[in-house]
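Please read it alongside the sequence and the model.

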Amino acid sequence: MDFNSNADYAIAARGVRKTYGGNGKSPAKEALKGVDIFVKRGTIFGLLGPNGAGKSTFINILAGLVRKSAGEVSVWGFDIDRNPRQARAALGIVPQEINMEVFFTPLEGMEIQAGLYGVPKSQRRSMEILTALGLEDKANAYVRMLSGGMKRRLLVAKAMVHSPPILILDEPTAGVDIELRKQLWEYVLKLHEQGVTIVLTTHYLEEAQELCKEIAIINHGEVVACEPTEKLISSLDRKMLMVTPNENVSVKPDLGDFDVDLKDDGSLAISYQPSKSQVADILARLNSAGVSVKDITTVEADLEDVFLELTYHNKG
């Protein structure tokens, strides 16, 4: 991939490394080990990984809060070393921690943020953005009086005051109830329809699977996968066959190489690899074991299965 041809990429990072210096009590820590990530413009991109994998370090490098040890990064075509101001102006970042000026109202905070970004008063959309996020009735209330979910939505609003082409959401729905989460995603998807590139980190893997067009998984400072979501999920050669026997089964049947789990309701969960076995093979084994089948259901792998396989199940 030609790193200098970044017209199609909102974020282009190649060979990014970050080593935090050690001291007398602790050794140096390499948080990022040559990360390559390319985010296409106009997409919703998921950046996933366990705690401590390096996601926040990568985001902080994009934001200019952490200096990388090596590698190249461009944001909206601007090199973060040669054009730091332009690169940062292309980003709207919603941090994981709720940290804001509690003695200002949401509207005042929005106006201050817009001023810091140099947005002329005639071009500010503070009230419009607050209304879109369901905060219009709280515009003149003190921030310290807002609920946790409202504060998270206000963080999104403040990130959008300068109309950045890229919005980075770092765990945006942590601690947010279902109704507020739905409202937040409606606004984010509306921004996406308008051409805003969305980068999402989340531990709610069902959200990532539903929303993200492409996903990168970081583990121990390395990118272990970066593919379109459907391709990533289909790459896991594993399925589950749920079998309901005609008669109660009290003892787990021996099906040879197939892994069987006897559920509390008497059903059997049988894991298999589609590349090596077929459902007919399992049914033949069940017949040989004397198990008469009433019903079967195939359960496909999902993003959680892939995530666990690439991170917690792969310690090497």
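Two strands count as paired if DSSP finds at least two bridges between them. This is a predicted model, in which local features need pLDDT of at least 70 and side-chain atom pairs count only at pLDDT 80 or more, while totals for chains, interfaces and linings use all residues. Residues are numbered from 1 along each chain as its sequence is written, and side-chain values use heavy atoms, with hydrogens and water left out.

- Strand 1 (residues 9-20) runs antiparallel to strand 2 and is joined to strand 2 by nine bridges.
- Within this pairing, Val16 stands opposite Val35 of strand 2.

- Six strands form an open sheet with mixed pairing, in the order 6-7-8-3-9-10.
- Strand 6 (91-94) and strand 10 (222-228) are the edge strands, each pairing on one side only.
- From one strand to the next, the twist averages 15 degrees.
- Strand 3 (residues 44-48) and strand 9 (residues 214-219) run parallel and are joined by four bridges.
- Gly46 stands opposite Ile215 of strand 9.
- Helix 10 (residues 303-310) lies across strand 3, strand 9 and strand 10, and runs at about 30 degrees to strand 9.

**Helix 5 and its contacts**

- The axes of helix 3 (residues 106-116) and helix 5 (residues 148-159) come within 9 Å and cross at roughly 30 degrees.
- Helix 3 and helix 5 are therefore roughly parallel to each other, a term for angles under 35 degrees.
- Pro106, Gly109, Met110 and Gln113 of helix 3 make the contact with Leu154, Ala157 and Lys158 of helix 5.
- By class, this contact of helix 3 with helix 5 has four nonpolar, two polar and one charged residues; Ala, Val, Leu, Ile, Met, Phe, Trp, Tyr, Cys and Pro count as nonpolar, Asp, Glu, Lys and Arg as charged, and the others, Gly among them, as polar.
- Helix 5 and helix 6 (residues 178-193) have axes that come within 11 Å and cross at roughly 10 degrees, and the two helices are therefore roughly parallel to each other.
- On helix 5, Gly149, Met150, Arg153 and Val156 meet Leu180, Gln183, Leu184 and Tyr187 of helix 6.
- The contact of helix 5 with helix 6 divides into five nonpolar, two polar and one charged residues.

**Met127**

- Met127 is found in helix 4 (residues 126-132).
- Met127 is partly exposed, with a relative accessible area of 35%; buried means under 20%, exposed over 50% and partly exposed in between, with a 1.4 Å probe and protein chains only.
- Not counting residues up to four places away in sequence, Met127 touches Leu107, Glu136 and Ala139.
- Met127 and Pro106 are 21 residues apart in sequence and 9.4 Å apart in space, C-alpha to C-alpha.

Technical notes:
Axes fitted to C-alpha atoms, helices over the stretch in contact; angles between N-to-C directions. Parallel < 35°, antiparallel > 145°, perpendicular 65-115°, else oblique. Contact = heavy atoms within 4.5 Å.
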